[in-house]
Amino acid sequence: MRIFDPHIHMTSRTTDDYERMAAAGVRAIVEPAFWLGQPRTGPASFTDYFDALIGWEPFRASQFGIRHHATIALNPKEANDPRCRPVLDLLPRYLAKDGVVAVGEIGYDSMTAAEDEVFAAQLALAIEHELPALVHTPHRDKARGTERSIAVVTESGIDPSRVVLDHLNELTVAAALDAGLWAGFSIYPDTKMSPSRMVTILHEYGLERVLINSAADWGRSDPLLTVRTAEEMLAGGFTKDDVDKVLWRNPVAFFNQSGRLDLAGRNASEATFAGNSILRGGS
């Protein structure tokens, strides 16, 4: 079994997690830029973070044979902080990098006017840089947030097949698929989806344009929940080919739209060289 986790925050995880993931069949990941849990006070801290996403994390992942890619953006929560808005001016530099396969996470946290502006601006950057977009739907009032997200995506003019609405649930999946977008689901304890609920959704809506991720981060989460979902799919009557489609071929198809997906290891080799240079240069 091969697994591609299209949304996992390895900055928050230990190297032991990489080892466990590799042993369980995780071969590729995408790490979206997100809120680190502690408010950042200016663009410089984002620069350091973005540099780690395209340098240090690919190196860590490569030690275990995992291909690491990133998405870059000003996240919805910090879009409300005026101190962070200049980050928008930094993004073009990073959106040109080889290992960056989408603009994200963008979208909504509290559905404020500031989030509207930043969401629209970053969809425009996705169009300009010919990249897909990864959209975070809000944890509160998800149905209304999903509807509003779809409206903004439609207004932007971006091809809906180049957008994934993430963190969906039973109440929002139909709207995303009907709009021609990809439907993303986070298998995350307590606050998002469970493997069994995910399998029920797959039986009802099918396997097309569906991405399943662990969204593992600094909260109570598990980077192997993609694997647990694959096991639940097999127990629920799906075939090994079905599992491969949802947990490998679908994310490959979506992020291949960037023209930068590297599953052969070129970026990993470059990251290993950069990482070794870092290690030689100091702690």
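Which residues does methionine 10 touch, not counting residues up to four places away in sequence? In this predicted model, local features need pLDDT of at least 70 and side-chain atom pairs count only at pLDDT 80 or more, while totals for chains, interfaces and linings use all residues. Residues are numbered from 1 along each chain as its sequence is written, and side-chain values use heavy atoms, with hydrogens and water left out.

Methionine 10 touches Asp17, Tyr18, Met21, Ile29, Glu31, Glu57 and Arg60, where contact means heavy atoms within 4.5 Å. Its place is in the loop between β1 (3-5) and α1 (15-24); helices (H or I, at least four residues) and strands (E, at least two) are DSSP runs, numbered from the N terminus. Methionine 10 counts as buried because its relative accessibility is 0%; buried means under 20% relative accessible area, exposed over 50%, and partly exposed in between (1.4 Å probe, protein chains only).

A polar atom of the arginine 40 side chain lies 2.8 Å from the backbone oxygen of phenylalanine 34.

Strand β8 (residues 210-213) is the place of asparagine 213, which is buried at a relative accessible area of 1%. The side chains of asparagine 213 and aspartate 166 make a polar contact (3.1 Å), that is, a pair of N or O atoms within 3.5 Å; within protein, one must be able to donate a hydrogen and the other to accept it, and residues adjacent in sequence count only if both atoms are side-chain atoms. Among the other residues that asparagine 213 touches are Asp5, His7 and Phe185.

Now for the nonpolar cores. In soluble globular proteins, nonpolar side chains tend to be buried together. The largest nonpolar core here has 71 residues, and Phe50 and Phe185 have the most contacts inside it; such a core is a set of buried Ala, Val, Leu, Ile, Met, Phe, Trp, Tyr and Cys residues joined through side-chain atoms within 4.5 Å. Leaving aside neighbours within four places in sequence, phenylalanine 50 is in contact with Ala33, Ile72, Ala73, Val87, Leu91 and Tyr94. Another core, of 14 residues, lies apart from the largest one, and includes Trp182, Leu211, Trp248 and Val252.
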